[in-house]
Number of protein chains: 2
Amino acid sequence: MVGLGPGSPLDRTRRCEQAIAAAELVVGYRPYVESLADLTAGKELAASGMRQEVQRCRLAVLRAAAGQTVALVSSGDAGVYGMAGLALEVARGEGLLGRLAIEIVPGVTAATAAAARLGAPLMTDFAAISLSDLLVEWSVIRRRLEAAAEADLVTVLYNPRSVKRQSQLAEAAAIFLRHRPASTPAGVATALGAGDERVVLCDLASLLEQEVTMRSVVVIGNTTTRVLDGWMVTARGYRL
Amino acid sequence: MVGLGPGSPLDRTRRCEQAIAAAELVVGYRPYVESLADLTAGKELAASGMRQEVQRCRLAVLRAAAGQTVALVSSGDAGVYGMAGLALEVARGEGLLGRLAIEIVPGVTAATAAAARLGAPLMTDFAAISLSDLLVEWSVIRRRLEAAAEADLVTVLYNPRSVKRQSQLAEAAAIFLRHRPASTPAGVATALGAGDERVVLCDLASLLEQEVTMRSVVVIGNTTTRVLDGWMVTARGYRL
């Protein structure tokens, strides 16, 4: 189970590239498998579309159980809203988990990749929260947003908006505005590492005016986050 | 400002290795600079000890302002309890921030590296909280722990314990025990990627009996985290 990093081949780790090189079969969401073209010549590929996560994991598990060396790929980190947990659950469900030689290869997750493009907003304690309510009740997500906002945690929003999910980001922004000044720095990083990457620095008051898509990650600063010459920085408390 | 990943050269990204290769001067905490020996032949090195963070950043900033290509290195991700934010603050303080060409190179952070060794505990929303109260008031940290525990966030504790700081981990465990069952899975990953790496899976009730040092990261599951054949897995909600 291999995390590819957030988009550019430059953000892959050596461990990731070795795992792909060693694989006989590469399984994953089509754009991620296609992004590996430089490493997959001569290998069997199983690329599939959105919402095929369970099928992908089952294929990977069954082939591994049959003796094949399989790389199941995720963008970013394989264990952060990725395939690793689901694949372990599927393997367990098939009664195969104890029989497989599994390695999980961590990757650069979107939170830290977005942070690096914006500056250093994650220098102190932070939360990562997905606004997708396909798999988690919105009431649970809302409670987590409230907790993060109240406890002054810098917060990274994964899956902030999609064509079908528009209201969640507005509700999240409203929650943070009840706990933090409208001037709190915020950032939107879209299509990280891809050719059409866009990074926008704004504030909490104007967050909803920004273009936010399903390929975006949103970072909301805490009360010590400042903008310094165009960089979003959360002070960690050092005296200069 | 370059994140090296959590210990092993295998967890460096290509972007990291290119940045080190391009640098004339490499600045960092001594063990991290020494871990780069395979990439730093012929380069000027400025390796210093603990608590020299501000001096390291100042040196890097002043040399960069003088026209040198400088790599300021952090383990893990440069922006997660790393050097990136402090270096931006120092550059701003010196009046140099707008004059420097800065790139921040993200890396695999300890949270996701530890998670990968334990299984997939970060598959749903999580918080990263440092228990070090050198730079942040303990009352602030405690409030964040309470919020994370109450909102059922999986929680990664950075800097959980040191020779001088022993009580914080006990207080953190007590907070989580008020909100989660004693059987909640927890894990300790120590010296990730190093020769003496140790990974222990336990539960919240026995967390304090484990060996936890300043090189450890602790992961506390949420109410949906289970142990499946020795792997710590937080369900994301898929129906199998």
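This short talk goes through salt bridges in the structure shown above. Please keep in mind that this is a predicted model, in which local features need pLDDT of at least 70 and side-chain atom pairs count only at pLDDT 80 or more, while totals for chains, interfaces and linings use all residues. Residues are numbered from 1 along each chain as its sequence is written, chains are lettered from A and ligands numbered from 1 in the order in which they are written, and side-chain values use heavy atoms, with hydrogens and water left out.

Over all chains, the structure holds 36 salt bridges, a salt bridge being a side-chain nitrogen of Lys or Arg within 4 Å of a carboxyl oxygen of Asp or Glu.

Let me begin with chain A, where the side chains of A:Arg63 and A:Glu44 form a salt bridge at 2.9 Å, N to O. This pair links distant parts of the chain, since A:Arg63 sits in helix H3 (residues 53–65) and A:Glu44 in strand S3 (residues 44–48), 19 residues apart; helices (H or I, at least four residues) and strands (E, at least two) are DSSP runs, numbered from the N terminus. A:Arg63 is partly exposed at 26% relative accessible area, and A:Glu44 is partly exposed at 35%, where buried means under 20%, exposed over 50% and partly exposed in between, with a 1.4 Å probe and protein chains only.

In chain B, B:Glu44 forms a salt bridge with B:Arg63, their closest N and O atoms being 2.9 Å apart.

Finally, A:Glu17 and A:Arg12 meet in a salt bridge at 3.1 Å, N to O, and both of these residues are buried.
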